[in-house]
Amino acid sequence: MDFYLGLLQIIGVHTLLGLSAYCVLLTGQVSLAQAGFFAIGAYVAGMLTVLAHWPIVPALLVAGLVAGLVACAVGFPALRVKGLMLVVATTAFGEAVRLFFFNFDYQIARGNLKVGPHGGEGFRQIRYFPENGWSTLDVLVFIWIIVALVMATLWWLDRSRAGAVMRAVGEDEVAAQSSGINLTAVKVSAMTIGGVIAGIGGGIFAHYTTHIEHVQFGVVLATFAVAYPILGGLSNVFGTLIAVIFIQGFLIEGLRFMGDWRNLLFGGLIVLAMNVRPRGLLDPAAILRLKRLFAWRGETVRARPQGAE
């Protein structure tokens with residue numbers, strides 16, 4: 001049972017990571033900096049709960065705020081370039097963050113034990129959940145409450161004027177700019193929102209794993225962050241969740257018995273999915289079919305009492 005609860009925790013955290021990239025992709029930008037923001041959130045939240053004895057919720061909020069401020073600062077110079085150059089610039093930022101934490105050493109003595117980040121050895125003893133009596137189920141519920149809140153916020157944002165502006169920039173920058181939209185402001189705002197979400201996700205990741213180190217926040221994690229919303233589709237926030245379940249639940253955990261062959265199948269299935277569903281697993285056509293299905297079922301349920309009479 002603990003295995004499935006742990007898997008659901010992983011899916012929840014990776015959903016936050018994917019949603020952080022979803023915000024940026026809506027504006028037509030491909031950023032590989034999400035792993036860096038994720039790392040910042042992980043270390044900041046861990047230091048606040050371990051070294052400063054903060055409760056978990058304020059620590060996550062501050063971690064998200066710090067990651068968001070860094071994302072905002074990075075967004076101004078990075079988003080002046082496009083396409084491949086943006087990918088290179090954000091990849092370089094992510095690697096710079098990773099190497100910073102590889103050399104970051106700040107420990108304090110607690111009895112006979114030193115706690116805090118210790119360079120290449122990582123940050124151990126992030127034990128807020130077990131020390132405060134949280135069970136695996138408690139942690140799972142906490143993670144998914146945050147995931148639900150983030151998804152609900154993005155759902156609302158997507159259907160507001162701000163969401164329409166972000167999509168307009170992503171679809172046609174020239175047309176958006178000609179209508180008076182400030183492209184830089186929109187792109188930086190999307191990057192900032194994504195940074196906040198990644199920071200919160202990183203803070204949760206640090207606390208349920210209890211040990212983090214720089215190698216966990218490399219290019220592979222950044223690639224996963226971008227792959228989730230692209231594979232799931234940008235039409236809806238639920239596409240990212242579906243993609244995370246498909247990749248983490250089926251490809252990575254469900255096919256673990258295949259060993260190294262799983263890597264070949266992983267790449268092949270991703271390529272197949274992108275060719276069969278180029279606009280994502282949950283594209284506009286799929287959403288329309290689901291709406292028609294639920295509408296038909298609703299009409300059927302309403303018609304039954306009338307037929308009985």
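Which residues line the largest cavity?

## Largest cavity

In this predicted model, the lining of the largest cavity is made up of Leu-32, Ala-35, Thr-91, Gly-94, Glu-95, Phe-217, Gly-218, Val-219 and Ala-222. The volume of this largest cavity is about 50 Å³.

Two helices, α4 (83–103) and α10 (219–232), each contribute at least two residues to the lining of the largest cavity. The greatest contribution to that lining is made by α4, which provides three residues. In terms of residue class, the lining of the largest cavity comprises five nonpolar, three polar and one charged residues.

## Second largest cavity

The structure contains two cavities of 30 Å³ or more. The second largest cavity has a volume of about 40 Å³, and its lining consists of Tyr-22, Cys-23, Leu-26, Leu-154, Leu-157, Asp-158, Gly-163 and Met-166.

Which helices each supply at least two residues of the lining of the second largest cavity? They are α1 (2–26), α6 (136–158) and α7 (161–171). Sorted by class, the residues lining the second largest cavity are six nonpolar, one polar and one charged.

## The two linings side by side

How values were computed. Residues numbered from 1 in each chain as written. Predicted model: local features only at pLDDT ≥ 70, side-chain atom pairs only at ≥ 80, totals over all residues. Heavy atoms only, no water. 1 Å grid on protein atoms, 1.4 Å probe; cavity = no way out; pocket = protein on both sides within 12 Å on 5 of 7 lines; lining within 4 Å. Points joined across faces, edges and corners; volume = space filled by probe spheres on them. Helix = DSSP H or I, 4+ residues; strand = E, 2+ residues; numbered from the N terminus. Nonpolar A, V, L, I, M, F, W, Y, C, P; charged D, E, K, R; others polar.
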